[in-house]
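Here is a set of questions and answers for someone meeting this structure for the first time. Please keep the sequence and the model in view while reading.

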Amino acid sequence: MKFPASVLASVFLFVAETTAALSLSSTYRSGGDRMWQALTLLFSLLPCALVQLTLLFVHRDLSRDRPLVLLLHLLQLGPLFRCFEVFWIYFQSGNNEEPYVSITKKRQMPKNGLSEEIEKEVGQAEGKLITHRSAFSRASVIQAFLGSAPQLTLQLYISVMQQDVTVGRSLLMTISLLSIVYGALRCNILAIKIKYDEYEVKVKPLAYVCIFLWRSFEIATRVVVLVLFTSVLKTWVVVIILINFFSFFLYPWILFWCSGSPFPENIEKALSRVGTTIVLCFLTLLYTGINMFCWSAVQLKIDSPDLISKSHNWYQLLVYYMMRFIENAILLLLWYLFKTDIYMYVCAPLLVLQLLIGYCTAILFMLVFYQFFHPCKKLFSSSISEGFQRWLRCFCWACRQQKPCEPIGKADLQSSRDRDETPSSSKTSPEPGQFLNAEDLCSA
């Protein structure tokens, strides 16, 4: 049975960020910064409440008679209780004999073109741990993109405007960045396990390192770009946020309406149609929050029973990173043109270059992950290197076709001039090859 390290990491980041945010808000209050205090508390307490609801929903505690658990969740102590419960199950699992064992079937990754199906016994204790890990993974994603990401953006903006980074603020920003990167990492692992549910997925340590570096560069550069743009064009940043928000929020619903599929009813049996709509809107909100800061790694599909598209769309991945790179470049250009005196001692061209290179570094680590460290790369129809080689061949072929066309076209023009200058009496019957023009030769 695996050690529940992911649960411990989630609870540590949750407690550390909440404590740092509450401490910093008290500092803002003593300094008279009521607005910064209110926003810091908002981005700290709102995700806390959403995390409590997620843990209750996954474990279905609302339909069971557990008043103590409900009380602890109301007191915002649910994650601590769940963590204690996880380790109690883990340490007691070897002492008690399992009265009931379920059997799961998973397929191994193909070896030499063959894939075997293996059976595994899962006891009650291990099943409970799997449920807890799944709940904490989802809670980490919610905490990261609905709390830590706005919190990091806010604290960095305050630091830029005040031109001062205090110890409490730097500590909160560091924890928030780690929380976002960890949430994005869990999102990647969840996406892989959902898409390849029938296979036994084993993620290697180097894959975790590669995802961590990929997400760190991507999220850090994105947050810095937004903060720089906000510091000089406060009004226009609202337009940028609204465009991003409605684009990602409405996209899954537009696809759902265009598909003509019936409204999903099988999300949770105890939910009514209104409750199902609220859950779907919340999932779409979370999907939007992720994509505003980084690639979500999953595609929300409302008409699917799993609500997640299991097909890996390289085209959407390419379009997302191209559009995000162009958007970051435009925002940095506008910041460079309208920067104020607070950036007097900042080398603006060097900072722009560093941020663009940092985002390209994130894309590089992403390509390395999909090429070498993805746990299910053997199931891909084509790899990153094969796609790049195919694109390079097409590009070289197009260049090779255009080069001979130009001189041939000139030769045809010169020959036509010579024929016009020759008297009609001296014209001879043309050879069969003379009527081939440049387009025919290029097509041949």
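Q: Which residues are linked with Arg222 in a network of salt bridges?
A: In this predicted model, Arg222 forms a salt bridge with Glu327, and the closest N and O atoms of the pair are 3.4 Å apart. That distance lies within the 4 Å that a salt bridge requires. The network joins Arg222 to two residues, Arg324 and Glu327.

Q: How many residues apart in sequence are the parts that Arg222 and Glu327 tie together?
A: Arg222 belongs to helix H7, whereas Glu327 belongs to helix H10, which spans residues 314–338. Both residues of the pair are buried. Because the two sit in separate helices, the pair ties together parts whose separation in sequence is 105 residues.

Q: What is the relative accessible area of Glu85, the salt-bridge partner of Arg82?
A: Arg82 and Glu85 form a salt bridge in which the closest N and O atoms are 3.6 Å apart, and both lie in helix H4 (residues 78–92), 3 residues apart, or about one turn of the helix. Arg82 has a relative accessibility of 0% and counts as buried. Glu85 is buried as well, under the cut-off of 20%, with a relative accessible area of 19%.

Q: How many salt bridges does the count come to?
A: Side chains of opposite charge can pair when their charged atoms come close. The pairs include Arg82 with Glu85, Glu218 with Arg215, and Arg222 with Glu327. By the 4 Å rule, the count comes to 4 salt bridges.

Q: How many nonpolar residues does the contact of H7 with H8 have?
A: On the H7 side the contact is made by Arg222, Phe229, Thr230, Ser231 and Val232, and on the H8 side by Lys234, Trp236, Val237, Ile240 and Asn244. By class, the contact has 3 polar and 2 charged residues, and its nonpolar residues number 5.

Q: What angle lies between the planes of Phe245 and Phe246?
A: A search of the whole structure finds 20 aromatic pairs. One of them is formed by Phe245 and Phe246, whose rings are 5.4 Å apart, centre to centre. Phe245 counts as partly exposed at 23% relative accessibility, and Phe246 is partly exposed with a relative accessible area of 45%. The pair is edge-to-face, with an angle between the planes of 85 degrees.

Q: Where does Gln163, a residue other than glycine with a positive phi, lie?
A: Phi of Gln163 is near 55 degrees, a positive value. With a relative accessible area of 53%, Gln163 is exposed. Gln163 lies in the loop between helix H5 (124–162) and helix H6 (167–195).

Q: Is Ala297 buried or exposed?
A: Ala297 is a residue other than glycine with a positive phi, near 70 degrees, and its place is in the loop between helix H9 (273–291) and H10. Its relative accessible area is 7%, and with the cut-off at 20%, Ala297 is buried.

Q: How far apart in space are Lys111 and Lys378, C-alpha to C-alpha?
A: Lys111 is found in the loop between strand E1 (101–107) and strand E2 (117–123), and at 56% relative accessibility Lys111 counts as exposed. Lys111 and Lys378 are 267 residues apart in sequence, while their C-alpha to C-alpha distance in space is 8.8 Å.

Notes: Residues are numbered from 1 along each chain as its sequence is written. This is a predicted model: local features need pLDDT of at least 70, side-chain atom pairs count only at pLDDT 80 or more; totals for chains, interfaces and linings use all residues. Side-chain values use heavy atoms; hydrogens and water are left out. Contact means heavy atoms within 4.5 Å. Helices (H or I, at least four residues) and strands (E, at least two) are DSSP runs, numbered from the N terminus. Ala, Val, Leu, Ile, Met, Phe, Trp, Tyr, Cys and Pro count as nonpolar, Asp, Glu, Lys and Arg as charged, and the others, Gly among them, as polar. A salt bridge is a side-chain nitrogen of Lys or Arg within 4 Å of a carboxyl oxygen of Asp or Glu. Buried means under 20% relative accessible area, exposed over 50%, partly exposed in between (1.4 Å probe, protein chains only). Rings of Phe, Tyr and Trp (its six-membered ring) pair if their centres lie within 6.5 Å; planes under 30 degrees apart count as stacked, over 60 as edge-to-face and the rest as tilted.
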